[in-house]
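Me: Hi! I would like to learn how to read a protein structure, step by step. Could we work through one together?

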Amino acid sequence: MESCAACGKANISLKSCKACKLVKYCGVECQVAHRRMHKKSCRIKAAELFDAKLFAQPPAREDCHICMRMLPLEINGCGYHSCCGKIICNGCVFSLTRNCCPFCNTPEPTTDDECKKRLFERIEKCDDPHAILIVGNSYNLGHYGFPVDHTKAVELYERSSKLGSAEGHYSLGGAYRVGRGVDQDMKKAIHHFQMAAMMGHVLARYNVGYIENADGNHVRAVKHFMIAAKYGHDESMETLKLGFNMNIGIITKEDFENTLRCYQASQDEMRSEERDRAQAAWVQG
């Protein structure tokens with residue numbers, strides 16, 4: 001029978017240490033009394049458990065609801081329909097011939113006021129984290145007639161992230177990294193980048209790797225770059241190529257070749273003639 005790690009009493013209502021899950025206690029008093037003895041091993045085990053989650057295979061990326069290809073990595077490579085909450089790639093946005101939603105036939109908004117109204121209606125009706133994120137970005141950049149208000153943007157990013165938005169965590173990480181709308185705090189920036197990365201956000205994963213590399217944690221950095229590269233991230237793949245060609249000994253030939261194959265497959269999955277035309281049109285203005 002299991003017993004309390006502090007007092008030794010057997011108790012059917014024992015509760016595990018929330019951080020490491022290694023030991024159990026019969027109450028808060030015993031946990032506090034045992035903290036000094038348990039603190040070191042708890043931190044080590046908690047770090048191991050966190051790393052297992054951090055470096056685990058992320059969830060599959062979402063597909064465009066029309067062409068069913070993997071959505072682009074950048075949020076500006078996608079279009080959001082605030083009427084029904086569907087997200088499609090810019091290639092499909094560019095190819096639409098009717099000025100209405102392809103899913104619910106709602107006419108597209110034509111003014112900033114209409115865009116704002118539609119977003120707020122979506123938030124009021126569904127508490128949609130992506131709509132909240134877009135409003136946050138609008139405050140951050142002054143889009144759709146919103147005033148520039150970085151503090152308000154951060155509040156909305158926090159709300160979006162609490163509703164499960166990886167992009168919300170990524171935006172919070174960026175805000176804390178540079179001190180925009182909040183006090184600069186690299187610890188919080190890393191936390192939100194890590195949360196986004198574990199939810200499958202590829203750019204956040206690259207940022208975590210970049211920070212780890214800058215801190216001298218090259219093995220951990222390579223792990224992050226490999227995960228990001230497998231989802232088609234250019235900068236991560238280029239970084240791995242540089243490290244492999246310099247023969248720094250962290251990434252094996254087998255791992256590099258496997259990562260390169262996955263990178264190429266993801267690139268092919270995200271590429272289409274429609275997306276190329278949309279990109280060309282955007283570049284030409």
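Predicted model: local features only at pLDDT ≥ 70, side-chain atom pairs only at ≥ 80, totals over all residues.

Me: What helices and strands does the protein have, and what box do its C-alpha atoms fill?

Reply: Start with the overall inventory. There are twelve helices and four strands in this protein. Along the principal axes, the C-alpha atoms fill a box of roughly 70 × 50 × 35 Å.

Me: How much of the protein is buried, and how much accessible surface is there?

Reply: A residue counts as buried when its relative accessible area is under 20%. Of the 285 residues, 39% are buried. The accessible surface comes to about 16600 Å², and carbon and sulfur atoms account for 51% of it.

Me: Can we try one residue? Is Ser 138 buried or exposed?

Reply: Compare its value with that cut-off of under 20%. Ser 138 has 2% relative accessibility, so it counts as buried. You can find Ser 138 in helix 4, which covers residues 129–141. Leaving aside neighbours within four places in sequence, Ser 138 is in contact with His 143, Tyr 144 and Phe 146.

Me: Now a pair of helices. At what angle do helix 6 and helix 7 pack?

Reply: For a pair, look at the angle and the distance between the axes. Helix 6 (residues 166–178) packs against helix 7 at an angle of about 160°, with the axes 7 Å apart. Angles over 145 degrees count as roughly antiparallel, and that makes helix 6 roughly antiparallel to helix 7. Their crossing is left-handed. By class, this contact has nine nonpolar, four polar and two charged residues.

Me: And how is helix 7 placed against helix 8: what are the angle and the distance between axes?

Reply: Helix 7 (residues 186–198) and helix 8 (residues 202–214) pack at about 135°, and their axes are 8 Å apart. These two helices are therefore oblique to each other. Helix 7 passes helix 8 in a left-handed crossing. Their contact has nine nonpolar, two polar and one charged residues.

Me: Which residues in helix 7 and helix 8 meet?

Reply: Look for them in the picture. On the helix 7 side they include Ile 190, Phe 193 and Met 198, and on the helix 8 side they include Ala 204, Val 208 and Ile 211.

Note on methods
Residues numbered from 1 in each chain as written. Heavy atoms only, no water. Axes fitted to C-alpha atoms, helices over the stretch in contact; angles between N-to-C directions. Parallel < 35°, antiparallel > 145°, perpendicular 65-115°, else oblique. Left-handed = near helix turned anticlockwise from the far one by under 90°. Contact = heavy atoms within 4.5 Å. Nonpolar A, V, L, I, M, F, W, Y, C, P; charged D, E, K, R; others polar. Buried < 20%, exposed > 50% of the residue type's maximum accessible area, 1.4 Å probe, protein only. Areas by Shrake-Rupley, 256 points an atom, 1.4 Å probe, with all protein chains shown as cover.
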